[in-house]
Amino acid sequence: MKKILNLEDNVVSVRYFLILMFIAFSFSIAIRMIWVVEFSSVESFRWNNELMINTNDGYYYAEGTRDIINEIHQENDLSPISSPLSKLTAFIQSVLPISFESLILYMPTFFGSLLVLPIMLIARIFKLDQVGFIAALLGSIAWSYYNRTMTGYYDSDLLVVVLPSFFVWGVMYALSKENAHTFFIAPIFAISTLNWHGGTIHIVNGVFILILLYTLIFERKNLYYYKFLSVLVLSLTTLSISVKLVLMLFLVIVYNFYKNKLTDKLIIGITILSAIIYLIFGGIDWIIEILGNVYVTRALHADDLNISLHYFGVVNTVREAGHIPFEIFANRISGHNVIFWFSVVGYILFISRHKLFILTLPMVILGFFALQGGLRFTVFAVPFMAIGVSYLIFLVADKFKEIFSDNLKVYFKYGFVILATIAVLYPNIIHVAGYKVPTVFLKEEVLVLDKLGKIASREDYVLSWWDYGYPIRYYADVKTLVDGGKHDGGANFPVSFALLNNQTAAANMLRLDVEFTELNYKKPCGTSIECMLKHSNIKNPNQLVKALNNKNIQLPKKTRDAYVYLPNRMLNILPTVDLFSNLDLLTGKQKQQPLFFVAKSFNETATSINLGNGIEILKQGGKIKTGNQLANINQFIITEYDEKGILHKNIQQADPNSPIFVIFMKNYNQFLVLDKRLYNSLYIQLFVLENADKDLFEPIILSPLAKVYKLKK
C-alpha cells in the first residue's frame, strides 16, 4: 500500500495517477448524467428523439454548426460560422456517428469534465497527486462550474475554464522544469484560450504580469525566466496566429541552438523587445479596456456609447451581471459557506508553501470579481479553491495522525480524508440533484418554430424578445432583430416598443426596424432609431415615436417579410421588456409607471377574488382593490380555448373610463391586471386576446404556448 500511494510525499506512480485521473473524469460525467436520468422520459423536453439543450446561447453555436455542415451562409444572418465551438462541433459531427441533437447535448458533459486534467496536473507539479485527485472530484462538480457545464449546457463555457487552467499548468510546468523544450506548452494554451473566448485575455495577461513580478522579485538573475517571458508574451499579442507561431519558433530556435552566443544583456534585450511588441499589439488596448469595463462602470440608464440618445442598459436586467450576496458567491465556488472558508485557508497555505502557485491568482481574482460583476465569474475560482480545501484536508490529516500509533496512522489519515471528501462533495451533489433546469423551449413551442421555418424564407425577420432570438434562428432558420448577443439598449428599444405599443405603432416600428437593420449593415448609421431619425430628418426622437401612431406614415420600401413570434412565457418578463421603451430617449427617464400584475395562484370567495400582493377583485360592482385604494374595472375578460383550440372571449364591460383591465386566462388558470397602454399593446392583443388588426397582422400559427403573426405592411 505504501508503495502504491507513497504516503510521505503524496505522490503516486504514473500508472496510478492515470487511473485516478480516469476515475475523477468518470465521476464528473456520472454526476452530469443525473439531469439526463431526471428528464429523459419528459416528452415535452424532447425533439428528434433526443433531449433538447437547456441554454439559450447554445442555439447560437448550433446555428453556426448547422450552417457549416450544410455549407450555407447568407449576408448579415449573424450565424457564427467562424466561432471555435461551432467549428469544433462540426468537425466532431463529421467523424462521429452521432445525431446532431445528441452531440450538442453531451459535449458539455465530456468537455466540461476535462477540468480534472489540469487540476491534477497542477497538483502533480508540487508532488501532491492525492490532493489533486480530491480537488478534481470537487472542482468538476462545484455549483457554478456544474451549472455552466452540465449536460445540455452547450456553450463556449464547456472549455472556458479548462483551457485557462491548462495554460496556468503550462506556465507552472515550464517554470518548474526550467527546460527550453517546455517553452511552447503555455503559449499554445494561451493562443487556444484567447481564440476560444476573448474574455480570457484578463487571465492570460494577469498571469504574464505575475510571472514578470515573480521574476523580478524571486528570480531576477535567472535568465531562463526572461527567455520564457519573451516567448510567452508574443502569444498574448493581437498578431495573427501564424505570425505569433513564427516569432515564438524563431526565439525557441535561437535559445536552443545559439545559447552559447547569447549574453545576459542580449537575452534581457530580446525580452524587452517582445514586451514592446506586446504593448503595441494588444497590451495598451487591454489596459484601456479594463478601465472602461461595463461591469465596473455600471449605470442605471446606460448611454450605450451614444452622446445624444439615452437607452436603458441591458446590464441592469441581466442576473448574471448583477451583484450577488456573499452566501451565493461562496456556495457557487465551493458548495457551502464553511467549505469556502476552508478553501480560502487552504489556498493561502498552499501559496505560502509553494510560491509558484501564486500564478493561479488571476483566475481566483476573476472568480472573486463575481461579488461586483455577477455570478458568471465564480467558475474561474473553482479549480484552485478546490485545490485549497483538498490541500487543507491532507494537512489536517497529516497533522493529527501523529497522535495515533504507527499501525493506526494510515487508517486514521485515509479515514479522515474519505470522510472530509464526502463532506465537501455532499452539498455539491445535493445541488446537482436539485438543479432541475428545464430545456430552453418545450416541444410544442419548437413545433411552432419548425412550422414557421417552412413558411418563412431565410431572409425574413421575426420580431420577439432577445431571450428567444437564438432558438428562433436555429429552429425557424430566419433572421431576428435582437438575440443573446445583440441586445444593447439601442437594439432593444424598437423591439420593446413594437411589442408593448398599439398595433399601428407596432406595425410601423417593426417595418422600420427591419429595413433599417438591413440598411445599417450596408451603410452604418448608428442604432435603428438613429438611422430612422437621420433618414426622416427628425431630430427629436419623441416626435418620431408620436408619428408612428399614424397609419399613413411613409415607410421605407418593403424588401422582405416580417413575422411576430409571441410565446406565453413572455408574460413573465413583460415589465422587464417595458423598461427598454417606456422612457424618454432624450433624458433616459421613465415615462410612466406601468400597471401589470400576473396572479398564478389566487383565493376566491363568494364576494371577491384575492390575487395576492394586496390586490383583490370585488365581484359586486366591477371594482378592484389595490392596498387601501378602490378603483373601477374597465373590462373583465375571460379567455378560454375549446376542444378544437379556438379561443373564445367573454367580455364584461364595467367602467369605460377606467384605466384598469382584468383578464382571466382560464386554460392557464391565471389573472392579468394591467393598465390601458399595456392592454392595447401588440403582445396582449395578439397573444392573449387574438384580436389582431386585419389590416396590419395576419395570424399564421396559433397555439396556446406560442403564436405567430405576419406583418402585412
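**A chat about the model**

Modeller: Let's start at P541, which sits in helix α27, residues 541–547. Bear in mind as we go that this is a predicted model.

Colleague: Is P541 buried or exposed?
Modeller: P541 is buried, because its relative accessible area is 1% and buried means under 20%.

Colleague: What does P541 touch, then?
Modeller: Setting aside residues up to four places away in sequence, P541 touches L309, L533, L585 and L586.

Colleague: And how far is P541 from E530?
Modeller: Their C-alpha atoms are separated by 8.5 Å, and the two residues are 11 apart along the chain.

Colleague: Okay, cysteines next. How many disulfides does the structure hold?
Modeller: There is one disulfide. It joins C525 to C531, with 1.8 Å from S to S.

Colleague: Which hand does the disulfide of C525 and C531 have?
Modeller: The disulfide is right-handed, because the torsion about the S-S bond is about 105 degrees.

Colleague: Are those cysteines, C525 and C531, buried or exposed?
Modeller: Both C525 and C531 are buried.

Colleague: Let's zoom out. How many helices and strands are in the chain?
Modeller: The chain has 30 helices and 17 strands. Its C-alpha atoms fill a box of roughly 90 × 60 × 50 Å along the principal axes.

Colleague: How much of the chain counts as buried?
Modeller: Of the 713 residues, 55% count as buried. As for surface, the chain exposes about 31300 Å², and carbon and sulfur atoms supply 60% of that.

Colleague: And what share of the contacts comes from residues 24 or more positions apart?
Modeller: Such pairs make up 67% of the contacts in the chain with a separation of 6 or more.

Colleague: Now the inside. How many residues has the largest nonpolar core?
Modeller: That core has 224 residues, and those with the most contacts inside it are V171, F357, I663, Y683, I684 and F697. Apart from it lies another core, of 14 residues, with A599, I617, I633 and V673 among them. In soluble globular proteins, nonpolar side chains tend to be buried together.

Colleague: Pick I663. What does I663 touch?
Modeller: Not counting residues up to four places away in sequence, the partners of I663 include I637, T639, F671, L672 and L674, as well as I684, V688 and L689.

Colleague: Switching to helices: how many residues of helix α7 are buried?
Modeller: Helix α7, residues 129–139, is mostly covered, with 11 of its 11 residues buried. Among them are D129 and Q130, along with F133, I134 and L137.

Colleague: What about F39, where is its place?
Modeller: F39 is in helix α2, residues 14–39. With a relative accessible area of 10%, F39 is buried. Beyond residues up to four places away in sequence, F39 touches F45, L51, K436 and V437.

Colleague: How far is F39 from S334 in space?
Modeller: They are 26 Å apart, C-alpha to C-alpha, and 295 residues apart in sequence.

Colleague: One on loops. Where is N634 found?
Modeller: N634 is in the loop between β11 (629–632) and β12 (635–641).

Colleague: Why does N634 count as buried?
Modeller: Because its relative accessibility is 5%, and buried means under 20%. Leaving aside neighbours within four places in sequence, the contacts of N634 include Q652, D655, P656, I660 and F661. A polar atom of the N634 side chain lies 3.1 Å from the backbone oxygen of P656.

Colleague: Great, thanks a lot!

How values were computed. Residues numbered from 1 in each chain as written. Predicted model: local features only at pLDDT ≥ 70, side-chain atom pairs only at ≥ 80, totals over all residues. Heavy atoms only, no water. Helix = DSSP H or I, 4+ residues; strand = E, 2+ residues; numbered from the N terminus. Buried < 20%, exposed > 50% of the residue type's maximum accessible area, 1.4 Å probe, protein only. Polar contact = N/O pair within 3.5 Å; in protein donor to acceptor, adjacent residues only side chain to side chain. Contact = heavy atoms within 4.5 Å. Core = buried A, V, L, I, M, F, W, Y, C linked by side-chain atoms within 4.5 Å. Disulfide = S-S within 2.5 Å. Areas by Shrake-Rupley, 256 points an atom, 1.4 Å probe, with all protein chains shown as cover.
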